[in-house]
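Here is a short report on one protein model. It covers helices, strands and a few backbone angles.

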Amino acid sequence: MKKILILANNSVGLYNFRFELINKLINQGFEVYFSLPEQKDEAKVQLIIKAGAKHIQTYINRRGINPLEDLKLIKEYKKIIREVNPDLILTYTIKPNIYGTYAANILKKPVIMNITGIGTSLTNSKLKKIVMNLYKYACKKAEFVFFQNKSNHTLFISNKMVEHNKTVIIPGSGVNTSLFKPVSETKEDGTIKFLFIGRLMKEKGIEEYLEAAEVLSKKYKNIEFQILGPFEEEKYKEIILNNKSKQIKYLGTSNDVRTEIREVNCIVNPSYHEGMSNVLLEGAAMGKPLIASNIPGCIEIIEDGHNGYLFEVRSTSSLEETLSRFIDLDKNERAIMGIRSRSKVEAEFDRNMVIDEYMKAINYIVNKGR
């Protein structure tokens, strides 16, 4: 039986966006192992185990930049690879991508790497050169490098970080259109509800969202700004939980975001950078209009004025203006935007498209030696 080892850093992402691929691999007779750091959401880990995959716990400081910690991670990955002895390794996110591929190369194991987004490491001038060199080395050693948007692909190609012939561009993680589908709101009260979903941190644009909400709540009485997600940066806990406006609501976290998405009129993603926004894909699949930063990872999903609006990244005034445009639409115009969102996702972002690309690459690698 051929073995696949998955190196990732987060159980929520692995379950929400890769579970169908894991299932497919198990159903095709592969033995699947997945390595993750200790998780707050242990339930997702258990669901992956229940599907038939084997869990290996690994220590990863996702946001740390301590070289000694990273050396420890390489050592740990080498130990895991030796024990599992996989035929192929799949990696997701920066540290598993770089250090997992480094360890795999030492032990002569093939890797399919997924660039889920460039994040702060490639936009922060202090880290940029180091990370680019690390990625350049890792990409050279990977069999295939999957990109979630054309902009990230172009960045890697133009900086000679990867050879063109080993790259594949996929539509993000795709979205399960059978699971995420349009359903009617359980209660309509005439209030226009916006929803921000994401980790509460500066890079996700939460400050601009809150500032725009404060201004517009004074101007319109029939609107509500909802926030869903965990506090990644502690300072936002105080700001959000002590907020006095009845029109700004913190919903906590959710085990199934479909419950919250169904009740709103529009999904807002003011993020500073994305691989491909899963929040927008899930909202679109449920037939919701979208508002997001004019950045790679959002521009592929939103056709401006067609199924939503784009606004200038990091600009509160641009976000305010765009939200006002949406508020001023009539109900029918908003409904048409939502229908277009669903159609776009079905045509361009169905998760099966991503799984097909993976299976093609996986079967090519594991059957290469035959």
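## Terms and basis

A residue is buried under 20% relative accessible area, exposed over 50%, and partly exposed in between, with a 1.4 Å probe and protein chains only. Helices (H or I, at least four residues) and strands (E, at least two) are DSSP runs, numbered from the N terminus.

This is a predicted model, in which local features need pLDDT of at least 70, side-chain atom pairs count only at pLDDT 80 or more, and totals for chains, interfaces and linings use all residues. Residues are numbered from 1 along each chain as its sequence is written, and side-chain values use heavy atoms, with hydrogens and water left out.

## An enclosed helix

Helix H10 spans residues 278-285. Eight of its eight residues are buried, so H10 is largely enclosed by the rest of the structure. The buried residues are Asn278, Val279, Leu280, Leu281, Glu282, Gly283, Ala284 and Ala285.

What do they pack against? Their partners are H1, S8, helix H9 (258-262), strand S11 (266-269), strand S12 (290-293) and helix H12 (331-348). Contact here means heavy atoms within 4.5 Å. Gly287 follows H10 and has a positive phi, near 75°.

## A covered strand

S8, one of the partners of H10, is a strand of residues 192-197. S8 is mostly covered, with six of its six residues buried. In a regular strand the side chains alternate between the two faces of the sheet. Both faces of S8 are covered. Ile192, Phe194 and Phe196 are buried on one side. Lys193, Leu195 and Ile197 are buried on the other.

S8 pairs with strand S9 (residues 223-228) in the parallel sense, over six bridges. Two strands pair if DSSP finds at least two bridges between them. Ile197 stands opposite Leu228 in S9.

## Packing of H1 and H2

H1, another partner of H10, covers residues 11-27 and packs with helix H2 (residues 42-50). Their angle is about 20°, and their axes are 9 Å apart. That makes H1 roughly parallel to H2. Angles under 35 degrees count as roughly parallel, over 145 as roughly antiparallel, 65 to 115 as roughly perpendicular and the rest as oblique. Axes are lines fitted to C-alpha atoms, for helices over the stretch in contact, and angles run from 0 to 180 degrees between N-to-C directions.

On the H1 side, the contact is made by Ser11, Val12, Leu14, Tyr15, Asn16, Phe19 and Ile22. H2 contributes Lys44, Val45, Leu47 and Ile48.

## The seven-stranded sheet

An open sheet has seven strands in the order S3-S2-S1-S4-S5-S6-S7, with parallel pairing. S3 (54-57) and S7 (167-169) stand at the edges, each with a single partner strand, so one side of each has no neighbour in the sheet. The twist averages 20° from one strand to the next.

Within this sheet, S5 (residues 111-115) and S6 (residues 144-147) pair in the parallel sense over four bridges. Ile112 stands opposite Phe144 in S6. Helix H4 (residues 94-106) packs on the sheet and touches S1 (3-7), S4 (88-92) and S5. The direction of H4 makes about 155° with that of S4.

Most residues other than glycine have a negative phi. Thr93, in the loop between S4 and H4, has a positive phi near 70°. Lys108, in the loop between H4 and S5, has a positive phi of about 55°.

Are these two residues buried or exposed? Thr93 counts as buried, at 18% relative accessibility. Lys108 is exposed, with a relative accessible area of 73%.
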